[in-house]
Amino acid sequence: QESPYRWVILLGGFLAQAISMCTLSSWYVILDYYDRQIFKGTVDSTQLSFVGTIGFTFCGLMGLVTPFFISLVGARWVLFSGTILITAGLVLASFSQQVWQLYLTQSVLHGMGSAFLYIVSMSISPQWFVKRKGFAMGVMVSGSGVGGLIMPFVMNHLNESLGGAWCYRILGIATFVISMLCTLLLREKESTFSEKKPSFKDILDISICKDKKFIVWCISGNLSMLSYFIPAFYLPSHATKIGLSPSQGTILVSLFSAVNVIGRILSGYLGDHFGPINVNSLFLFISGLSSLLIWTFAKNFYELMAFIIIYGLMSGAYPSGICLYLFFLTAARLGPSAAGAIQTATNKHSFFSQQMFTGVCYVLSAIVTLYLKYQVNPRLTARV
């Protein structure tokens with residue numbers, strides 16, 4: 001029987017997803033401010049972009065060690081540690097005057113804290129749901145989309161009115177309050193406790209790495225993760241390149257976050273009824289086609305809007321794996337940087353490389369996911 005407390009867990013997980021991802025996914029706002037006001041063009045934009053990229057990679061890197069910390073001290077202490085790290089990262093970043101200082105604060109400290117909140121909430125929430133688990137997970141991970149929708153406007157207002165330093169400090173205070181609330185709300189289900197001290201194999205079963213289906217799943221996840229953030233990173237620049245205003249570029253990114261929330265909930269709901277692999281393969285394929293057939297030929301604001309609505313909705317079918325799976329996705333989070341490097345090497349004034357990179361990666365991911373479906377159950381109409 002499911003406990004009524006599961007809805008409190010869902011709220012705590014939603015808030016943890018929102019606060020852990022919102023600043024990371026909105027880094028481009030502070031990047032633009034630091035480039036214009038602090039470094040005044042003296043620092044290469046690629047160096048600044050890595051501040052956000054390195055922070056994101058910790059969500060993968062920490063997937064390997066977080067289970068050990070949970071088994072040693074418990075989920076609540078890991079959440080509290082994440083609260084301290086994520087807050088310290090933002091507050092200390094407010095005193096940064098060099099890029100390497102942002103790497104240590106915004107990237108490392110804040111990234112580690114975000115990873116603890118993100119991974120622990122992803123591991124706790126499924127324990128409390130039996131029915132409608134896919135829908136519940138969809139609602140929970142939609143928190144990152146809601147955070148990504150609200151945070152750019154908050155950061156932009158704070159930057160312009162109070163400056164980057166106070167923007168970081170205010171975000172640090174808000175992050176501490178919300179993260180502490182998550183720490184108090186989230187707890188492991190009692191039935192998952194064990195008096196026996198867990199062994200290394202109990203904590204992290206690496207035998208799954210020999211499973212062919214898990215390997216195929218990781219390949220599919222890496223292909224989609226390579227391209228997932230590319231439109232959000234490059235649409236503002238693409239928008240201004242074709243003559244649109246910077247505010248219109250911000251609207252497009254915010255629209256992406258908004259429809260992504262709907263997409264995550266929708267994919268979870270459909271996954272409960274038609275099977276998560278079936279739904280994920282369809283959503284991946286449509287995401288790829290939207291980039292190849294719409295973004296590639298978009299020449300005005302409304303065409304870009306049509307692309308980002310379809311892409312944001314379909315790319316919301318994000319697999320909710322944890323630990324080893326997240327660790328194996330670490331390198332794929334460098335996808336936007338790889339796409340930028342291809343653009344620099346080919347034609348820095350064109351976004352064709354990003355459009356093709358995104359579309360091809362998603363279509364390939366859909367094909368690999370269909371192969372996974374065949375491995376699980378070769379019957380065409382099977383619910384998997």
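1. Leu31 counts as buried in this predicted model, because its relative accessibility of 18% falls under the 20% cut-off. The residue belongs to helix 2, which covers residues 27–38. Leaving aside residues up to four places away in sequence, Leu31 touches Leu48 and Ser49. Gly164 lies 133 residues from Leu31 along the chain, yet the C-alpha atoms of the two are separated by 9.9 Å.

2. The protein has a mean pLDDT of 84, and 92% of its residues reach 70 or more. The lowest confidence is in helix 9 (residues 200–203), with a mean of 60, whereas helix 5 (residues 75–93) has the highest, at 94. Where pLDDT is low, the predicted coordinates should not be read in detail.

3. Helix 5 is also one partner in a helix pair with helix 6 (residues 99–124). Their axes are 7 Å apart and the packing angle is about 155 degrees. Helix 5 is therefore roughly antiparallel to helix 6, since angles over 145 degrees are classed in that way. The crossing of helix 5 past helix 6 is left-handed. On the helix 5 side the contact includes Val78, Leu79, Gly82, Leu85, Ile86 and Gly89; on the helix 6 side, Leu102, Leu109, His110, Gly113, Phe116 and Leu117 are among the residues met. By class, the contact of helix 5 with helix 6 consists of 15 nonpolar and 9 polar residues, with no charged ones.

4. A second pair joins parts of the chain that carry the numbers 6–25 (helix 1) and 164–185 (helix 8). The two axes come within 9 Å and cross at roughly 150 degrees, which means that helix 1 is roughly antiparallel to helix 8. This crossing of helix 1 and helix 8 is left-handed. From helix 1, Val8, Ile9, Leu11, Gly12, Leu15, Ala16 and Ile19 take part; they meet Thr175, Ile178, Ser179, Leu181, Cys182 and Leu185 of helix 8. The contact of helix 1 with helix 8 comprises 10 nonpolar and 3 polar residues, and no charged residues.

5. Helix 12 (residues 246–274) and helix 13 (residues 276–293) have axes that come within 7 Å and cross at roughly 135 degrees. Helix 12 and helix 13 are therefore described as oblique to each other. Helix 12 contributes Gly263, Leu266, Ser267, Leu270, Gly271 and Phe274 to the contact, and helix 13 contributes Pro276, Asn278, Val279 and Phe283.

6. Val360 lies in helix 17 (residues 352–376). With a relative accessible area of 41%, Val360 is partly exposed. Ser227 is 133 residues away from Val360 along the chain, and their C-alpha atoms are separated by 9.0 Å.

7. Leu64 is located in the loop that runs between helix 3 (45–61) and helix 4 (66–73). The relative accessible area of Leu64 is 25%, so the residue is partly exposed. A separation of 33 Å lies between the C-alpha atoms of Leu64 and Ile310, which are 246 residues apart along the chain.

Definitions and conventions: Residues are numbered from 1 along each chain as its sequence is written. This is a predicted model: local features need pLDDT of at least 70, side-chain atom pairs count only at pLDDT 80 or more; totals for chains, interfaces and linings use all residues. Side-chain values use heavy atoms; hydrogens and water are left out. Axes are lines fitted to C-alpha atoms, for helices over the stretch in contact, and angles run from 0 to 180 degrees between N-to-C directions. Helices (H or I, at least four residues) and strands (E, at least two) are DSSP runs, numbered from the N terminus. Angles under 35 degrees count as roughly parallel, over 145 as roughly antiparallel, 65 to 115 as roughly perpendicular and the rest as oblique. A crossing is left-handed if the near helix is turned anticlockwise from the far one by less than a right angle, and right-handed if clockwise. Contact means heavy atoms within 4.5 Å. Ala, Val, Leu, Ile, Met, Phe, Trp, Tyr, Cys and Pro count as nonpolar, Asp, Glu, Lys and Arg as charged, and the others, Gly among them, as polar. pLDDT is the predictor's confidence in each residue, from 0 to 100. Buried means under 20% relative accessible area, exposed over 50%, partly exposed in between (1.4 Å probe, protein chains only).
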